[in-house]
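Hi,

Here is the structure I said I would pass on.

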Amino acid sequence: MEVITTHLLTDFDGLAAMVAAKKLYPGASLVLPGKASRAVEDFLALHKDALSVEDAKSINLGRVRRLILVDTRNPRRIGFLNALAERADVEIHIYDHHPAHEDDVRGTLEVVELVGATTTLLVERIREAGIELSPFEATVLALGIYEDTGSLLYPSTTCRDAAAAGFLLSCGANLSVVASFLERPLAAEQQELLKELILNAERHLVNGLKVLITWARSEEFFDGLAILTHKLVEIEQLDVVFTIVEMVDRVYVTGRSGLPEVDVRAVLQHFGGGGHPAAAAAVVKRVTVDQVKERLLARLSESVRAPLTVAEIMSSPVKTVSPETTIAEAGQVMLRYGHSGLPVVREDQLVGILSRRDIEKAQRHNLTHAPVKAFMSHQVVTVEPYLPVSDAQTLMIEHNIGRLPVVEGGRLVGIVSRTDILRTLHPDFKPQFRLLYTPAPPTAGKRNIAALLRAGVSATALSILERLGVRARESGGAAFLAGETVRDLLLGLGLRELKVVVEGDATALAAAVATEAKVRLKETAREGGAVLLLADGCRCYVREARPGFFEYALGIQVNNRSLHQELYRQDFTIDALAVELTPERFGEVIDYFGGREDLKFGLVRVLHNRSFTEEPLRVLRAVWLAERFNFQIERQTLKLLREAVRDGLLERVAPPDFWRVVRSCLADERAARFLGRCAELGIWPYIFPVASHWEVEPVLTYLPQALKTLESWGIVLKSRWLAYFITAVHWTNVPSAQALCERYRFGRHTTAKVVAAVSRWQELLGKLTARGQVDLVVLAKAMLDLPREAYPLLYVLLSEEGYQERFREVLAAVWFNKPRLTGKDIKEMGAPSQEE
């Protein structure tokens with residue numbers, strides 16, 4: 001004989017697990033070990049016959065050869081059926097979701113996993129075996145899962161519970177029936193007991209956590225303490241609640257916890273109880289309520305971990321701005337560092353807070369030039385470092401704010417944001433802002449490239465760099481070669497421009513070195529520094545590390561002109577490198593962002609995921625660097641770049657600024673590759689909105705070779721970029737080409753060249769390819785009407801060798817076969833001028 005049973009005071013999960021086990025063991029008998037909960041008793045009053053549940057006293061224990069335990073494995077919880085667990089001739093199978101206990105029975109088959117409900121484990125096996133369930137059976141099983149998971153809301157709920165519930169719904173489970181038995185109104189005696197529990201409630205602060213302990217006495221026994229405890233949790237809105245109720249000759253303790261710091265199962269195991277970390281119960285004999293309370297508080301003090309505090313999750317040091325900082329500058333800081341708000345500080349005092357919504361409000365009214373103090377909030381809610389995180393969360397919800405400055409002794413020491421709170425609730429939470437580089441330890445792989453520096457720059461330039469390092473040290477600051485200068489040096493490229501960043505007064509430092517080295521000096525007020533003009537043609541730009549914000553940590557102001565912050569402004573990791581110029585460490589490479597590693601592997605990588613949002617022109621620069629050095633755009637950077645293009649970020653750039661970057665790329669011999677990559681990434685329509693890439697792609701492919709051929713003929717173009725521009729728009733019409741020139745603010749002379757090329761190239765092409773011999777004078781006149789920047793286009797279109805040779809003859813006639821006699825010669829011969 002086989003018997004399926006569960007624990008005393010059977011709940012719906014125990015009953016449902018028995019019914020589910022019956023599907024796996026069809027010959028077994030369902031046996032209740034004793035009294036069930038009131039809700040289950042009410043359910044069985046209607047459905048007992050349908051379920052064929054037997055009473056334990058009616059079973060002949062001597063005939064039992066297999067015991068199937070569900071929702072328990074504690075022999076003390078199955079009444080007098082525990083005698084079966086002690087027999088060697090009884091095989092035991094166990095299905096349970098409770099944590100292990102030293103008194104547990106061992107079985108020949110054990111299916112024990114920490115899911116929300118034991119029924120879930122059995123439903124999974126029913127589903128795997130392909131066993132059919134009737135809608136009624138599915139409803140009973142759903143009752144078990146929904147009760148033990150709090151309708152899938154308890155912290156112990158897993159995705160497996162939800163999946164099992166979904167399967168039961170597909171089998172016809174009736175949620176109306178489930179709701180009618182799980183949401184039953186309290187009986188009169190339960191209502192009276194709940195009132196007594198509310199009146200006797202005591203709040204205790206245990207290791208920084210708020211715990212509610214309440215008690216009551218009843219002359220009669222009745223179940224439902226779990227329901228009443230849950231009601232108290234809802235009413236009192238506390239995460240940890242214990243109810244202690246004396247009924248007849250025993251004391252019943254029930255615990256509920258919504259905090260990971262409080263494991264109520266571990267607490268109540270001290271009283272011989274069990275359950276889950278979030279829900280547990282115990283029954284104690286021969287003690288009083290007061291004794292249980294005293295022991296419970298002592299146990300809580302020993303086992304409850306101190307709560308997570310604000311100090312443990314806050315961000316520090318804190319980036320701040322002053323009240324006079326402009327909205328535009330504050331917005332840039334928020335973007336660059338992924339913040340949704342910034343504290344506003346004046347003379348070490350917190351005077352306000354600026355949110356991203358404040359920035360957006362100023363932007364809508366075109367007031368980004370206004371100071372922060374005009375838009376900041378003056379009512380600042382602050383917290384202390386040792387406040388529990390749960391209290392900080394409550395403050396955020398009550399005030400509907402996204403960040404809380406952390407103040408200690410009147411000093412700003414940190415800040416807590418919604419993201420910090422969410423990380424405590426969801427360990428795998430990923431914030432919107434993230435860094436794309438892997439910071440290396442400051443001491444990792446230090447390299448000195450003084451020898452490379454001496455070989456890569458002229459003796460004059462090297463002397464200037466050494467003088468800058470000495471002078472900077474003498475003034476208490478430091479000087480660094482920084483940015484793309486270091487990148488090009490490490491790549492072995494020639495340097496004609498040097499960029500030096502100093503922590504100190506850049507203008508004064510440059511002036512002192514200029515006087516000492518007797519070189520010309522030119523101040524650059526716009527960039528906050530100066531340029532040293534060396535005799536060999538090299539330029540050395542010297543400027544200060546730009547201040548962006550102030551940082552406060554433990555009340556100490558951090559240097560706002562740090563090299564780290566200056567390099568963090570760079571476009572890519574390979575640009576965010578520096579070299580020490582102070583005498584003691586001259587030539588030592590400084591790499592905070594993994595730039596050397598990316599140079600080694602040929603990767604173009606932005607520093608954070610909002611880089612393109614902060615500066616959309618980085619889209620063009622990333623493509624250009626990749627093509628210039630034959631690098632790859634790093635995978636995540638490429639994804640962000642595509643998103644930026646798709647989201648139309650390039651439309652935010654003023655057309656002249658946009659063209660300035662494109663023009664510098666088109667002036668290089670790799671311009672065709674750059675344009676091809678732009679087309680591939682969807683950037684082409686932003687550059688040439690009037691022209692289709694597919695129409696001009698074949699021409700652009702051969703344009704670099706055409707330029708080389710013309711140079712070999714002696715035709716050298718000063719404006720190579722214009723040759724590419726004309727080629728890109730040659731198939732469009734004059735009004736469209738002219739509109740594009742106006743969009744990019746071309747000069748009148750350049751626009752005239754574009755218009756002439758677009759309107760006349762076809763005419764000249766027709767004459768050069770005419771079947772009949774066209775007079776050379778006619779061809780030469782037509783050629784003179786066309787700007788020379790259109791010649792590469794014509795050469796490519798004249799694909800046949802004979803036509804290209806004719807084109808060369810015409811060019812020679814126009815540019816090289818000029819008459820030796822000039823107008824000046826004729827005037828010297830005495831010819832009268834027009835004025836005469």
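The disulfide count comes to 0, where a disulfide is a pair of cysteine sulfur atoms within 2.5 Å. C159 is in none, and its nearest cysteine sulfur, that of C171, is 19 Å away. C538 is also in no disulfide; there the nearest cysteine sulfur belongs to C540, 6.9 Å away. C159 counts as exposed because its relative accessibility is 65%, while C538, at 3%, counts as buried. (Buried is under 20% relative accessible area, exposed over 50%, partly exposed in between, with a 1.4 Å probe and protein chains only.)

**Ground rules and confidence**

This is a predicted model, so local features need pLDDT of at least 70 and side-chain atom pairs count only at pLDDT 80 or more, while totals for chains, interfaces and linings use all residues. Residues are numbered from 1 along each chain as its sequence is written, and side-chain values use heavy atoms, with hydrogens and water left out.

pLDDT is the predictor's confidence in each residue, from 0 to 100. The chain averages 87, and 92% of the residues score at least 70. Confidence is highest in helix α4 (residues 118-129), at a mean of 97, and lowest in strand β24 (residues 556-558), at 39. Over residues 552-561 the pLDDT is below 50, yet beyond near neighbours in sequence this stretch has 33 contacts in the model. A contact means heavy atoms within 4.5 Å. Helices (H or I, at least four residues) and strands (E, at least two) are DSSP runs, numbered from the N terminus.

**Helix α20**

A506, L509, A510, V513 and A514 are buried in α20. They lie on the same side of the helix, because they cover an arc of only 130° around the axis, taken from the directions from the helix axis to the C-beta atoms. What do the buried residues of α20 pack against? Their partners are α18 (459-474), β19 (497-503), β20 (520-524), β21 (529-533) and β22 (539-544). Just after α20, K518 takes a positive phi of about 55°.

**And T732**

T732 sits in the loop between α30 (720-729) and α31 (734-743). T732 counts as buried because its relative accessibility is 16%. Leaving aside neighbours within four places in sequence, T732 contacts V690, A737 and V758.

Cheers
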